[in-house]
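This report describes one protein model, part by part. Please look at the sequence and the structure first.

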Amino acid sequence: MGKERIERTFQNKLLRGEKLFIPYLMAGDGGLDVLDERIQFLEKCGVSAIELGIPFSDPVADGPTIQKAGLRSLKEGTTLTGVLKHLKKCKKTRTVPIILMAYLNPIYRYGLENFAVDAKEAGVDGVIIPDVPLEEEELVTGYLHQHHIAFIRLVALTSSRDRVKEIASRSEGFLYAVSVMGTTGARKNHDSHVKDYLEMLKRYSSVPVLAGFGVSNVEQARKLSYHCDGVIVGSRIVELFHEDRTEEIKVFIRGSIHHTLEPSHKG
Ligand SMILES: O=P(O)(O)OC[C@@H](O)[C@@H](O)c1c[nH]c2ccccc12
(Lines give C-alpha, C1' and ligand atoms only; values in the text may rest on other atoms or scores of the structure.)
Protein backbone atom coordinates (compact mmCIF):
# COMPACT_ATOMS: atom_id res chain seq x y z
CA MET A 1 0.00 0.00 0.00
CA GLY A 2 0.97 3.62 -0.45
CA LYS A 3 4.50 4.80 -0.95
CA GLU A 4 5.98 1.30 -0.81
CA ARG A 5 3.56 0.07 -3.44
CA ILE A 6 4.61 2.82 -5.87
CA GLU A 7 8.30 2.21 -5.30
CA ARG A 8 7.99 -1.57 -5.54
CA THR A 9 5.87 -1.47 -8.69
CA PHE A 10 8.27 0.93 -10.40
CA GLN A 11 11.33 -1.02 -9.37
CA ASN A 12 9.89 -4.26 -10.75
CA LYS A 13 9.16 -2.67 -14.09
CA LEU A 14 12.57 -1.02 -14.33
CA LEU A 15 14.28 -4.29 -13.47
CA ARG A 16 12.41 -5.94 -16.33
CA GLY A 17 13.85 -3.30 -18.63
CA GLU A 18 10.60 -1.37 -19.09
CA LYS A 19 10.28 2.38 -19.01
CA LEU A 20 7.65 3.89 -16.75
CA PHE A 21 4.49 5.51 -18.06
CA ILE A 22 2.00 7.43 -15.93
CA PRO A 23 -1.12 8.66 -17.70
CA TYR A 24 -3.15 11.47 -16.18
CA LEU A 25 -6.93 11.26 -16.03
CA MET A 26 -9.28 14.02 -14.99
CA ALA A 27 -11.61 12.35 -12.50
CA GLY A 28 -15.23 12.83 -13.49
CA ASP A 29 -14.55 13.77 -17.11
CA GLY A 30 -17.26 11.74 -18.84
CA GLY A 31 -18.82 11.15 -15.39
CA LEU A 32 -17.47 9.09 -12.51
CA ASP A 33 -19.17 6.03 -14.00
CA VAL A 34 -16.52 5.69 -16.71
CA LEU A 35 -13.60 6.12 -14.31
CA ASP A 36 -13.25 2.50 -13.34
CA GLU A 37 -13.48 1.26 -16.88
CA ARG A 38 -10.73 3.73 -17.88
CA ILE A 39 -8.52 2.68 -14.99
CA GLN A 40 -8.91 -0.98 -15.94
CA PHE A 41 -8.17 -0.21 -19.55
CA LEU A 42 -4.97 1.63 -18.61
CA GLU A 43 -3.94 -1.22 -16.31
CA LYS A 44 -4.22 -3.61 -19.25
CA CYS A 45 -2.09 -1.30 -21.38
CA GLY A 46 0.71 -1.75 -18.83
CA VAL A 47 0.87 1.67 -17.16
CA SER A 48 3.05 2.04 -14.06
CA ALA A 49 0.57 4.13 -12.06
CA ILE A 50 -2.32 6.49 -12.76
CA GLU A 51 -2.36 10.18 -11.90
CA LEU A 52 -5.93 11.12 -11.13
CA GLY A 53 -6.80 14.82 -11.21
CA ILE A 54 -9.42 16.45 -9.01
CA PRO A 55 -11.16 19.22 -10.96
CA PHE A 56 -10.70 22.73 -9.61
CA SER A 57 -12.08 26.09 -10.68
CA ASP A 58 -8.69 27.82 -10.73
CA PRO A 59 -6.11 25.37 -12.10
CA VAL A 60 -3.09 27.65 -12.40
CA ALA A 61 -0.69 25.04 -13.82
CA ASP A 62 -3.07 23.69 -16.45
CA GLY A 63 -3.24 24.46 -20.13
CA PRO A 64 -6.43 24.53 -22.24
CA THR A 65 -6.96 20.75 -22.69
CA ILE A 66 -6.94 19.96 -18.98
CA GLN A 67 -8.81 23.14 -18.11
CA LYS A 68 -11.61 22.09 -20.43
CA ALA A 69 -11.66 18.57 -18.99
CA GLY A 70 -11.86 20.13 -15.52
CA LEU A 71 -14.84 22.23 -16.54
CA ARG A 72 -16.60 19.19 -18.00
CA SER A 73 -15.94 17.32 -14.79
CA LEU A 74 -17.17 20.16 -12.57
CA LYS A 75 -20.35 20.28 -14.68
CA GLU A 76 -20.84 16.59 -13.85
CA GLY A 77 -20.75 17.65 -10.20
CA THR A 78 -17.42 15.98 -9.37
CA THR A 79 -16.01 16.70 -5.90
CA LEU A 80 -13.04 15.42 -3.95
CA THR A 81 -15.46 13.68 -1.58
CA GLY A 82 -17.19 11.98 -4.50
CA VAL A 83 -13.93 10.82 -6.06
CA LEU A 84 -12.62 9.37 -2.79
CA LYS A 85 -15.90 7.53 -2.20
CA HIS A 86 -15.77 6.14 -5.70
CA LEU A 87 -12.14 5.04 -5.37
CA LYS A 88 -12.95 3.28 -2.12
CA LYS A 89 -15.80 1.38 -3.73
CA CYS A 90 -13.63 0.11 -6.56
CA LYS A 91 -10.49 -0.44 -4.51
CA LYS A 92 -10.51 -4.24 -4.63
CA THR A 93 -10.49 -4.55 -8.40
CA ARG A 94 -7.52 -2.20 -8.86
CA THR A 95 -3.92 -3.32 -9.06
CA VAL A 96 -2.24 -0.16 -10.32
CA PRO A 97 -1.02 2.54 -7.88
CA ILE A 98 -3.17 5.66 -7.77
CA ILE A 99 -1.66 9.10 -7.41
CA LEU A 100 -4.15 11.82 -6.67
CA MET A 101 -3.36 15.24 -8.15
CA ALA A 102 -5.19 18.13 -6.52
CA TYR A 103 -4.60 21.78 -5.84
CA LEU A 104 -4.31 22.66 -2.17
CA ASN A 105 -7.63 24.48 -1.93
CA PRO A 106 -9.99 21.46 -2.19
CA ILE A 107 -7.77 19.43 0.13
CA TYR A 108 -7.58 22.27 2.64
CA ARG A 109 -11.34 22.64 2.64
CA TYR A 110 -11.73 18.88 3.09
CA GLY A 111 -9.44 19.07 6.12
CA LEU A 112 -5.84 17.90 5.86
CA GLU A 113 -6.08 15.13 8.39
CA ASN A 114 -9.45 13.85 7.17
CA PHE A 115 -8.07 13.91 3.68
CA ALA A 116 -5.12 11.71 4.58
CA VAL A 117 -7.35 9.24 6.43
CA ASP A 118 -9.94 9.02 3.66
CA ALA A 119 -7.37 8.90 0.87
CA LYS A 120 -5.69 5.97 2.57
CA GLU A 121 -9.06 4.23 2.98
CA ALA A 122 -9.73 4.83 -0.70
CA GLY A 123 -6.48 3.13 -1.66
CA VAL A 124 -4.63 6.27 -2.77
CA ASP A 125 -0.87 5.60 -2.86
CA GLY A 126 0.54 9.04 -3.54
CA VAL A 127 -0.47 12.67 -3.81
CA ILE A 128 0.67 15.57 -6.00
CA ILE A 129 -0.24 19.05 -4.78
CA PRO A 130 1.47 21.39 -7.25
CA ASP A 131 0.81 24.60 -5.35
CA VAL A 132 2.49 23.49 -2.12
CA PRO A 133 6.09 24.73 -2.21
CA LEU A 134 8.97 23.05 -0.46
CA GLU A 135 8.90 25.64 2.33
CA GLU A 136 5.27 24.89 3.20
CA GLU A 137 5.11 21.16 2.64
CA GLU A 138 5.08 20.24 6.31
CA LEU A 139 1.53 21.48 6.35
CA VAL A 140 0.57 18.28 4.55
CA THR A 141 3.43 15.79 4.75
CA GLY A 142 2.97 14.92 8.43
CA TYR A 143 -0.54 13.58 7.90
CA LEU A 144 0.33 11.91 4.61
CA HIS A 145 3.30 10.09 6.12
CA GLN A 146 1.24 8.88 9.05
CA HIS A 147 -0.91 7.10 6.49
CA HIS A 148 1.97 5.93 4.28
CA ILE A 149 0.92 8.09 1.35
CA ALA A 150 3.78 9.36 -0.82
CA PHE A 151 4.07 13.12 -1.29
CA ILE A 152 5.31 13.39 -4.87
CA ARG A 153 7.51 16.42 -5.43
CA LEU A 154 7.94 18.44 -8.60
CA VAL A 155 11.06 20.16 -9.84
CA ALA A 156 11.06 22.83 -12.51
CA LEU A 157 13.57 23.67 -15.22
CA THR A 158 14.10 26.95 -13.41
CA SER A 159 14.81 25.39 -9.98
CA SER A 160 18.28 26.28 -8.74
CA ARG A 161 20.78 23.50 -8.24
CA ASP A 162 20.54 23.81 -4.45
CA ARG A 163 16.80 23.59 -4.59
CA VAL A 164 16.96 20.60 -6.92
CA LYS A 165 19.31 18.84 -4.50
CA GLU A 166 17.04 19.56 -1.56
CA ILE A 167 13.90 18.38 -3.38
CA ALA A 168 15.64 15.29 -4.76
CA SER A 169 16.97 14.33 -1.34
CA ARG A 170 13.45 14.44 0.11
CA SER A 171 11.74 12.75 -2.81
CA GLU A 172 9.56 9.72 -2.29
CA GLY A 173 7.69 7.55 -4.80
CA PHE A 174 9.22 9.28 -7.78
CA LEU A 175 10.48 12.70 -8.77
CA TYR A 176 8.30 14.66 -11.20
CA ALA A 177 10.54 16.57 -13.59
CA VAL A 178 8.49 19.34 -15.17
CA SER A 179 10.12 19.48 -18.58
CA VAL A 180 8.75 22.64 -20.15
CA MET A 181 8.33 26.23 -18.99
CA GLY A 182 4.67 27.06 -18.58
CA THR A 183 1.46 25.12 -18.25
CA THR A 184 0.43 21.55 -19.09
CA GLY A 185 -0.39 20.75 -22.71
CA ALA A 186 0.94 18.98 -25.79
CA ARG A 187 4.10 20.51 -27.31
CA LYS A 188 5.86 19.83 -30.60
CA ASN A 189 9.24 19.33 -28.97
CA HIS A 190 11.27 19.81 -25.83
CA ASP A 191 14.25 22.09 -25.43
CA SER A 192 17.57 20.40 -26.11
CA HIS A 193 18.86 21.15 -22.60
CA VAL A 194 16.05 19.09 -21.04
CA LYS A 195 18.20 15.99 -21.40
CA ASP A 196 20.96 17.52 -19.26
CA TYR A 197 18.38 18.56 -16.72
CA LEU A 198 16.98 15.01 -16.54
CA GLU A 199 20.41 13.47 -16.24
CA MET A 200 21.29 15.89 -13.45
CA LEU A 201 18.09 14.91 -11.61
CA LYS A 202 18.96 11.23 -12.06
CA ARG A 203 22.26 11.89 -10.33
CA TYR A 204 20.67 13.50 -7.29
CA SER A 205 17.54 11.41 -6.89
CA SER A 206 17.31 8.07 -5.12
CA VAL A 207 13.84 7.43 -6.55
CA PRO A 208 12.88 7.16 -10.25
CA VAL A 209 12.73 10.39 -12.24
CA LEU A 210 9.82 10.87 -14.64
CA ALA A 211 9.48 13.68 -17.17
CA GLY A 212 6.11 15.36 -17.60
CA PHE A 213 4.47 18.24 -19.47
CA GLY A 214 4.25 18.45 -23.21
CA VAL A 215 4.65 14.75 -24.05
CA SER A 216 2.14 13.79 -26.71
CA ASN A 217 3.58 10.98 -28.83
CA VAL A 218 5.72 7.84 -28.67
CA GLU A 219 8.74 9.53 -30.19
CA GLN A 220 8.83 12.24 -27.51
CA ALA A 221 8.23 9.67 -24.78
CA ARG A 222 11.14 7.55 -25.99
CA LYS A 223 13.48 10.50 -26.39
CA LEU A 224 12.85 11.77 -22.87
CA SER A 225 12.79 8.32 -21.27
CA TYR A 226 16.23 7.69 -22.63
CA HIS A 227 17.55 10.24 -20.13
CA CYS A 228 15.35 9.28 -17.16
CA ASP A 229 12.96 6.51 -16.04
CA GLY A 230 9.82 7.35 -17.96
CA VAL A 231 7.13 9.89 -18.71
CA ILE A 232 3.88 11.33 -17.44
CA VAL A 233 1.29 12.17 -20.08
CA GLY A 234 -1.77 14.30 -19.36
CA SER A 235 -3.34 16.40 -22.08
CA ARG A 236 -2.94 13.89 -24.90
CA ILE A 237 -4.47 11.04 -22.89
CA VAL A 238 -7.33 13.27 -21.68
CA GLU A 239 -8.03 14.27 -25.28
CA LEU A 240 -7.91 10.71 -26.65
CA PHE A 241 -10.30 9.44 -23.96
CA HIS A 242 -12.64 12.34 -24.58
CA GLU A 243 -12.71 11.47 -28.28
CA ASP A 244 -13.06 7.73 -27.58
CA ARG A 245 -9.79 6.96 -29.37
CA THR A 246 -8.72 4.26 -26.94
CA GLU A 247 -6.84 2.18 -29.49
CA GLU A 248 -4.43 5.11 -29.95
CA ILE A 249 -3.93 5.27 -26.19
CA LYS A 250 -2.88 1.63 -26.18
CA VAL A 251 -0.42 2.14 -29.04
CA PHE A 252 1.02 5.23 -27.33
CA ILE A 253 1.56 3.46 -24.00
CA ARG A 254 2.89 0.18 -25.37
CA GLY A 255 5.27 1.97 -27.73
CA SER A 256 6.59 4.11 -24.90
CA ILE A 257 7.33 1.42 -22.34
CA HIS A 258 8.88 -1.42 -24.35
CA HIS A 259 11.95 0.04 -25.83
CA THR A 260 14.78 0.04 -23.39
CA LEU A 261 17.95 -1.15 -24.95
CA GLU A 262 20.04 0.91 -22.57
CA PRO A 263 18.92 1.55 -19.02
CA SER A 264 19.12 5.18 -17.95
CA HIS A 265 22.43 5.82 -16.29
CA LYS A 266 22.77 6.54 -12.61
CA GLY A 267 25.76 8.41 -11.29
O1 LIG B 1 -0.72 17.65 -19.96
P2 LIG B 1 0.71 17.32 -20.13
O3 LIG B 1 1.44 18.44 -20.82
O4 LIG B 1 0.92 15.97 -20.72
O5 LIG B 1 1.39 17.31 -18.65
C6 LIG B 1 1.07 16.32 -17.61
C7 LIG B 1 0.08 16.85 -16.70
O8 LIG B 1 -1.08 17.14 -17.41
C9 LIG B 1 -0.32 16.21 -15.37
O10 LIG B 1 0.71 15.59 -14.73
C11 LIG B 1 -0.90 17.36 -14.60
C12 LIG B 1 -2.14 17.86 -14.77
N13 LIG B 1 -2.33 18.98 -14.02
C14 LIG B 1 -1.17 19.24 -13.37
C15 LIG B 1 -0.82 20.29 -12.53
C16 LIG B 1 0.46 20.36 -12.04
C17 LIG B 1 1.38 19.34 -12.32
C18 LIG B 1 1.03 18.27 -13.15
C19 LIG B 1 -0.23 18.23 -13.70
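Leaving out residues up to four places away in sequence, Asp-62 touches Gln-67, Gly-70, Thr-183 and Thr-184. The model is a predicted one. Asp-62 sits in the loop between S2 and H3.

A UniProt record, an unreviewed entry, places the feature "active site" at Glu-51 and Asp-62. Glu-51 is part of strand S2, which covers residues 50-53. Glu-51 also counts as buried, because it has 24 C-beta neighbours inside 10 Å. Apart from neighbours within four places in sequence, Glu-51 is in contact with Ile-22, Tyr-24, Ile-99, Met-101, Ile-128 and Ile-232.

## Thr-65 in helix H3

Helix H3 spans residues 64-75, and Thr-65 is found in it. Is Thr-65 buried or exposed? Thr-65 is buried, because 21 other C-beta atoms lie within 10 Å.

Thr-65 and Thr-184 are 119 residues apart in sequence, yet their C-alpha atoms are 8.3 Å apart in space. Not counting residues up to four places away in sequence, Thr-65 touches Gly-185, Ser-235, Val-238 and Glu-239.

## The whole protein

The protein has twelve helices and nine strands. Its radius of gyration is 17 Å, close to the 18 Å that the globule rule gives for 267 residues, so the protein is as compact as a globular protein of that length. Along the principal axes, the C-alpha atoms fill a box of roughly 45 × 40 × 35 Å.

Of the 267 residues, 48% count as buried. Among contacts with a separation of 6 or more, 78% are between residues 24 or more positions apart.

## The sheet and its edges

In what order do the nine strands stand in the open sheet? The order is S5-S4-S3-S2-S1-S9-S8-S7-S6, and the pairing is parallel. Strand S5 (150-151) and strand S6 (153-155) stand at the edges; each has a single partner strand, so one side of each has no neighbour in the sheet.

## Strand S9 and its partners

S1 and S9 run parallel and are joined by four bridges. Phe-21 stands opposite Val-231 in S9. S8 is joined to S9 by three bridges, and these strands also run parallel. Here Leu-210 is the residue opposite Gly-230 in S9.

In a regular strand, the side chains alternate between the two faces of the sheet. Both faces of S9 are covered. Gly-230 and Ile-232 are buried on one side, and Val-231 and Val-233 are buried on the other.

## The nonpolar core

Which residues touch the most other members of the largest nonpolar core? They are Val-127, Ala-177 and Leu-210, in a core of 80 residues. Strand S1 (residues 20-26) gives the most to this core, with six residues.

Leaving aside neighbours within four places in sequence, Val-127 is in contact with Ile-99, Leu-100, Ala-119, Leu-144, Ile-149, Phe-151 and Ile-152.

## Helices H9 and H10

The buried residues of H9 are Val-194, Tyr-197, Leu-198, Leu-201 and Lys-202. These residues are on the same side of H9, because they cover an arc of only 140° around the axis. What covers them includes S6, helix H8 (161-170), strand S7 (175-178), S8 and H10.

Helix H10 (residues 218-225) has Gln-220, Ala-221, Leu-224 and Ser-225 as its buried residues. Why do these residues fall on the same side of H10? They cover an arc of only 125° around the axis, which puts them on the same side. What covers the buried residues of H10 includes helix H9 (194-204), strand S8 (209-212), strand S9 (230-233) and helix H12 (246-257). H10 in turn is among the elements covering the buried residues of H9.

Methods
Residues numbered from 1 in each chain as written. Predicted model: local features only at pLDDT ≥ 70, side-chain atom pairs only at ≥ 80, totals over all residues. Buried ≥ 20, exposed ≤ 12 C-beta atoms within 10 Å, placed from the backbone. Helix = DSSP H or I, 4+ residues; strand = E, 2+ residues; numbered from the N terminus. Arc of directions from axis to C-beta. Contact = placed C-beta atoms within 7 Å. Pairing = 2+ DSSP bridges. Core = buried A, V, L, I, M, F, W, Y, C linked by C-beta atoms within 7 Å. UniProt positions renumbered as here; feature names shortened; annotations may be inferred. Rg over C-alpha atoms; globule rule 2.2 N^0.38 Å.
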